[in-house]
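Colleague: I am new to this structure. Please take me through it in short questions and answers.

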Amino acid sequence: MRKYILIAIVFFLAILSACASGNPDKKGTENAANGASKGEPKDGGEVFIPIVGDPIFNPWHPNAYAESNIVNRIIFQGLTKPGLDNLPSPSLAEEWSTSEDGLIWTFKLKQGVKWHDGEEFTAKDVAFTFNELVLDASLGSNGASNYKALDSVAVVDPYTVEFRLNRPFASLPAYLAFNSEILPAHKFEDVENPWELTSFNKEAPIGTGPFKFEKAISGQSVKVTRFDDFHNGKAHLDAVTFKILPDVNTQIAQALSNELDIFVLEDKSSLERVKSAENINLVSSDITRYFWIALDLENPKFQDVKVRQAMLHAIDRQAIIDSVLGGYGNIANAAITPDQEKFYKQDVTSYAYNPEKAKALLEEAGWKDSDGDGILDKNGEKFSFTFDIALQGDLESIAVLVQQYLKEAGFDVKLNTLEWNAMIQKNVIDRDFEMILNWWSYPSDPDVLAQYHSSNAQSGNNIPGYKSDTLDALLEKGQAVSDPDERAVVYNEIQEYMSENLPYLYLWYPQELSIRNKRLQDVPDIHFGGSLHYINEWWIQN
Amino acid sequence: MLQFAIKRLGQSIVLILIVTMITFFLMNLAPGGPSSMMRMDATEEERAAISEQLGLDDPIPIRYGKWLIDAMQGDLGLSLSSGQEVTDRILERFPFTLQLTMWTIVLSIIFGVLFGIISATNRNTWKDHTINFGSVIGLSVPSFWLAIMMILLFSVQLKWLPSSGVGEGSLLDQFKASIMPVVILSTATLPTIVRFTRSSMLEVITQNYIRTSRAKGIKERTVIYSHALRNALIPVISIIGVLIPRLLSGAVIVESVFGWPGMGRLIVEAAQSRDYNLVMGVTVIVTVLVVVCNFIVDIIYSKVDPRVKNMG
């Protein structure tokens, strides 16, 4: 009996403690100014970061996903990296310039850069990475499609490379900063299939980054330690350990008990508990991501722009942001995200929540509820369609709300949930859908041609299948001009066009919310992924 | 006995063949494909290149044939998602699952049989009711909730136990790291054993030979533990035979919450990312384990109850 009393007490305590930690006591404040330094940086210490799966230490591997990107960003380096102003800044390349016709970009490489095994980094490595991996179509490298404009990389001298293009590509320096790290040519000599070189990709990667690989234990952790010969200022931290923790509740519990230092809070349901913790700063930041609804534009029902505008007027996006996203997001009206200050245009056509206006627009388009059954019709046809949604993160809870708003406006919407992998097959590859909801993330550069150009309408990333000569011409112009001010003019025009014509229904620009332990200092106030490029500046306050 | 073993071996081989065939076809016919082909922003050309590289362009029956020929030579192929040997990926994880399984089974058998006996010999008393109530709670409380509650109590509040991982370094660390996962896993297996022990014990102690033993004046303790228990354990052994392979194939939820690198997470990740080779590898291993466990259970059966011997 005693045993059971004990168990009962333990249960009771467990419930109590859960209630206690769920109750916000308002002591912790949301602090966005975490980057402010508290005195002189101190050397030493270890930082713990969660990832959700075993990483692959090769940024170009077709299976290198988010968890790999996080780790690879501090082991390897690209020619450029995103600056604190979100524009490309020097990393392995010191400076770059473009020829007058925009077809040749010359990058001057930094001298005296060492690989973790002591070999010297030279132009040969850059040429290898692009010519042998990225441009080899049979390999299907992750992100190779970003470099469609690239013909080859030529070695001019050991510290100079030329990127030779088949068309102007103003975004090249920005794309080089985005998961485009350089690999050591000497490790891949005579390798037939680089994706099967597990001695590198899984067991012992060599990079030029501030931390070098120490050990990886499958399903558990990856440890990297400071690389003392790092060319851009030795890191303050001794080591970084990535803990493989797929469960978000465990991640939060470990953040509360100081076992994890920094990560992105994807699931907002624990927001209150985290806010009340005294050891944690919450940092919100803009990211290059937007959520959208894609309608099948081959379907005549969705071809009338008034119908698309009416749908946006019918959805209370702010209410969804406030409830599902915990308020961390801004209404989107086009594809260029606000973090790209140079290019973002706020003053474009916007669609406030207004059911009356939605109704009026639909009537103009010929749709009204003539038989009083609550569903719009036109020439005897009901406005009914299926809304496919992938089971991933918040998508389903968002979709349920969207469905509700559309129903109120008279659309007969059936929700169909799919597993992610099956969704890609059905909606993206087979193009079999009427309406879907998802998001795009892209490098910090306004070039969104891939998702909008009519040449990508059937099989590429232009999922709704939008075709417009006007938009095509603008997107091509945006790639051709390299002067940032001139580009800004083009992309402002593109945003105006998008907001009026709605190739996608724009929903919102989500904000990233990251958890940072208060002992962490000098982490720049940018999104988590970007801050990793500056990990050599981080330090720990005891 | 030898004849029995040969017959069982033949049956097992057919069983394994059927299981692999069904799994292979189901896996390959499921919508989607290997995750590397299923990135949202992958282009048609990238997908085609990867499909060719992974040898997915052949028809499914031909691919099954190729897989089977390799598998019979002990080559389970390369994992489609990491490029590592499937065998290596399984061997990395298996010891950790074995560790959890072993402790869970030991804990469940000791306490399960003990509580089962107490419950049966004290039928309809407060002891019986308490144990029954505890079993129902154990079976019905969701393990992820209990796990998070334990982490909040023992790791966050009291800081006694690590909240994740298998414990690095000393044996004590490893022991501490496995306490919570083992307790959580046991809350699901222990009640099953308690209930089986209780019901078969109740059946046995009403039989004539037990009454005879008591009439002979044998001590109650001896009657229960050496006469009754031996027969009451037979159904319990068969349920343990079912529990062991289930535990060996991993416990996804417990492994995810405690960051435990076991087989469960491996299987789920493999299925989600359509890593066909890995799914097949795991299927073969788990099927073999089930077959072996059943075989061992049958042998133990015949030791415990000689009547079973001739029933092959």
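Helix crossing, strands and chain contact

Colleague: Is the crossing of α1(B) and α12(B) right-handed or left-handed?
Modeller: This is a predicted model, in which local features need pLDDT of at least 70, side-chain atom pairs count only at pLDDT 80 or more, and totals for chains, interfaces and linings use all residues. Residues are numbered from 1 along each chain as its sequence is written, with chains lettered from A and ligands numbered from 1 in the order in which they are written. A crossing is left-handed if the near helix is turned anticlockwise from the far one by less than a right angle, and right-handed if clockwise. The crossing of α1(B) and α12(B) is right-handed.

Colleague: Are these helices, α1(B) and α12(B), roughly parallel or roughly antiparallel to each other?
Modeller: Helix α1 (residues 2-29) and helix α12 (residues 276-304) of chain B pack at an angle of about 155 degrees, with axes 10 Å apart. Axes are lines fitted to C-alpha atoms, for helices over the stretch in contact, and angles run from 0 to 180 degrees between N-to-C directions. Angles under 35 degrees count as roughly parallel, over 145 as roughly antiparallel, 65 to 115 as roughly perpendicular and the rest as oblique. Therefore α1(B) and α12(B) are roughly antiparallel.

Colleague: Does R274(B) count as buried or exposed, and why?
Modeller: R274(B) lies in the loop between α11 (263-272) and α12 of chain B, helices (H or I, at least four residues) and strands (E, at least two) being DSSP runs numbered from the N terminus. A residue is buried if 20 or more other C-beta atoms lie within 10 Å of its own, exposed if 12 or fewer, and partly exposed in between, with C-beta atoms placed from the backbone. Because R274(B) has 25 C-beta neighbours inside 10 Å, it counts as buried.

Colleague: Which residue in β7(A) stands opposite W105(A)?
Modeller: W105(A) belongs to the covered face of strand β5 (residues 104-109) of chain A, along with F107(A) and L109(A). β5(A) pairs with strand β7 (residues 160-165) of chain A in the antiparallel sense over five bridges; two strands pair if DSSP finds at least two bridges between them. Opposite W105(A) stands F163(A).

Colleague: How many residues of chain B are in contact with chain A?
Modeller: Two residues are in contact if their C-beta atoms, placed from the backbone, lie within 7 Å. On the chain A side there are 47 residues, and on the chain B side 46.
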